[in-house]
Amino acid sequence: MLGSLFMHLLVVLTLSPLLAGIIARVKAKVGGRQGQPLLQLYWDLAKLFRKRMVISSTTTWLFRAGPVVGIAVPLLASLLLPFGPLAAPLSFSGDLILFVYLMGLARFFTILAALDTGSSFEGMGSAREATFSILVEPTIFVIFIVLARLSGDFSLNGMFVPVKAGFNTPAGIAMSLAILCLFIVMLAENCRIPFDDPNTHLELTMIHEVMVLDHSGPDLGLILYGAAMKLLLFAALIANLLRPATGNLLLDTGAFLVLLLLLAVLVGLVESAMARLRMIRVPQLLIGTSLLSFFALILLLR
Amino acid sequence: MSGLPVIKNGGALPLAHIPRLTPAEFAAFCKVRLTEGARLVACLAVPEGEGDAPLTLYAVLADDQAGDLLVIAQEPQREFESLTPRIPQFHLFEREIGEQYGVNFIGHPWYKPLRFHAPWPGGRDAWGRDPKRHPQIGEMTYFTVEGAEVHEVAVGPVHAGVIEPGHFRFQCYGEKVLHLEISLGYQHRGITRLIEGGPWPQTPMQIETMAGDTSIGHMSAYSMVLEGLGKVEISPRAAALRAIALELERLANHVGDFGALAGDVGFLPTSSYCGRLRGDYLNMTGLLCGSRFGRGLVRPGGMGFDLDPAMAAKMLAALGPVARDTRGALELFFNTPSVLARLEGTGKVSARDAFYLGLVGVAGRACGLDGDVRRYHRGAIYAPDEIPVMIEEGGDVLARALVRQQEVEHSLEFLHQRLTTIAAGELLVAPPPPAPDSLAVAMVEGWRGPVTHVAVTNQVGRFRRYQVVDPSFFNWSGLALALRDEQISDFPLCNKSFNLSYCGFDL
């Protein structure tokens, strides 16, 4: 238990900034640029944690609570999730609901912190974030139901077993749809293109970035670190389904970690190959994804 | 009203030849000509004395089909009846004159300050502000919308990117923009006042920095004014080099705009390639004159720098790969469905609105308004029928991008031709001093659209008034209309598709 707790925290704390670095690097390479160092986010975090903060005098404790919850939640949530062959340190039947609503809690506090500043930009960003997350939630739950049905287990630890069925069976097709949906959910939840552009400087087009505009120094560091961990958790959901299961602990763990990095490369490629959606199209894509997840469920119930 | 004096682009005529109409005649003439397809190019007031002296109103109308410019004047007055309700093209000109001389345009539906400076004669202010102090920028009543769930978003004057300052106020219903009001003036330097009494030795440098991205365009217009007032023609060689400089400026800016559009929609490949390619075009201008923005290149009477055959060959060789990469980056941009989905139908301006506001240049041509100074008022720089009609009908962001694409394609071919054979002639013949008591009009198709300069000289041939009309002057209103009923998240994209100049407007 303590050993797996240690391993989990180690993976989340050390590996997460690397994923962001890989995405940035892939985007730069495809765009014909040199790109920033792979470890840039580590340096950025180290820099931010040494800085002082500027805090608006109109804000209250809510503004400071946002980043703290933003980093505590992914750490807690990571304890519910298996990392490949490393079983989750905490596991109980129905913990998937806790997982989803821990994420919801983080979002709730980010939104409160944003509204606390009283800025019209941050209000707009909060409204967008709240709207889009409502549309993401059904997909996650339906996919979790699909996985629970496939595995017959209602805990995240037992759910994420690589399916042995061939891809021409209903179970295989349902699984493929689940992976596709989870990938789209990962892009949406982590504010990646085509839903949001993490690199833009245009406040009016931002969803997530605009909500954290007023944070600086260590608080901003917490937010960036928390965001990187969240990306790792969603990548881990997918990698858990894709990983090979040879039974060799070392080999399986290695394969799982490589898969995480490959998913980051894939995100980078998606971001390079397409433009952002118009904001009014985002709900359509999210609802489409929900429908896909329902199809996966119907295939299993048939 | 027959026998109206007609001049060509870059021409001058004595003030005495300009007919002075009564207000009613003036209004009727403008109404008829502007409805029949002419365009209001410039409108300026010239005081007939010191202090609160009456003002003579001059208007310059361009008749594209005939390639003529018509100049008319109105009897001197201290108070005017606004023409805006009948002819909306006058709306900004009237506000400009009102602010400059503290006069009223009765019946103007939207009478507000434009650049927030004190009235020039120092006397009465049109809005009753204290004429002794400099007004605060943005000091005016904004249009507001009230109601449940209606909210106001203020952007700027300081923006997130490294761009110029300007204030935008959105009245929104949720994500939908009901109205956008644009308030500029943060960069008002009073440049046209600095030119008055000139031409001074420092005037060329001031003109070149008036709108830094259109240095060559503005300097060409200023040079044409002095050449018109001095009644000289530039040599074919100087004309050819001016055309090369103008097209290089167009290419650099259009390609840069594609990069910015791609960046706004989050499409990285075109964004980073165009950023580099823009530099390549600027470097070619740099090769020509040592300044990447063409400062010192154009001079009254010709050009400040020559292009020898070796340098022309070098530029031609450089152009090949740059042109290939440009075409590649644009092809990728226009062949990506997710990009097109973002551009199509966004920020639409109807042809009717564009006509009434008198939109010009890329923005005007994207609404189907066929106006191009290079084609219809070509002056000495371009050959007949050298410039094709490059218009689109959509009026949206995509149409503005497509017009730019056509222009980039044409400019590349044009440069290739012009660099292969360059006409002979004197490089620079300084024009004689300007003619006294005259009015000169010069239009140059800069990369954004027509850059218009109008000069009025006094009895000793010095500038009595100098008016500059950057294409941005007309087109900012177009941007405000493009946002009506749009998503507020699409504003940056619409803004980029117009890419207007703040300093060119503020002067």
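**View 1. Open four-stranded sheet of chain B.** In this predicted model, 4 strands of chain B form an open, antiparallel sheet in the order 2-14-15-16. Strands are DSSP runs of E of at least two residues, helices are runs of H or I of at least four residues, and both are numbered from the N terminus; two strands pair if DSSP finds at least two bridges between them. Strand 2 (12-14) and strand 16 (463-469) of chain B are the edge strands, each pairing on one side only. On average, neighbouring strands are turned by 15° against each other, direction ignored.

**View 2. Strands 14 and 15 of chain B, with helix 5.** Strand 14 (residues 438-445) and strand 15 (residues 450-457) of chain B run antiparallel and are joined by 7 bridges. Within this pairing, L439(B) has V456(B) of strand 15 as its bridge partner. Helix 5 (residues 215-230) of chain B packs on the sheet and touches strand 2, strand 14 and strand 15 of chain B (contact: C-beta atoms, placed from the backbone, within 7 Å). The direction of helix 5 makes about 150° with that of strand 14 of chain B (axes are lines fitted to C-alpha atoms, for helices over the stretch in contact; angles run from 0 to 180 degrees between N-to-C directions).

View 3. Just after helix 15, N499(B) takes a positive phi of about 40°.

**Notes.** Residues are numbered from 1 along each chain as its sequence is written, and chains are lettered from A and ligands numbered from 1 in the order in which they are written. Local features need pLDDT of at least 70 and side-chain atom pairs count only at pLDDT 80 or more, while totals for chains, interfaces and linings use all residues.

Methods:
Two residues are in contact if their C-beta atoms, placed from the backbone, lie within 7 Å.
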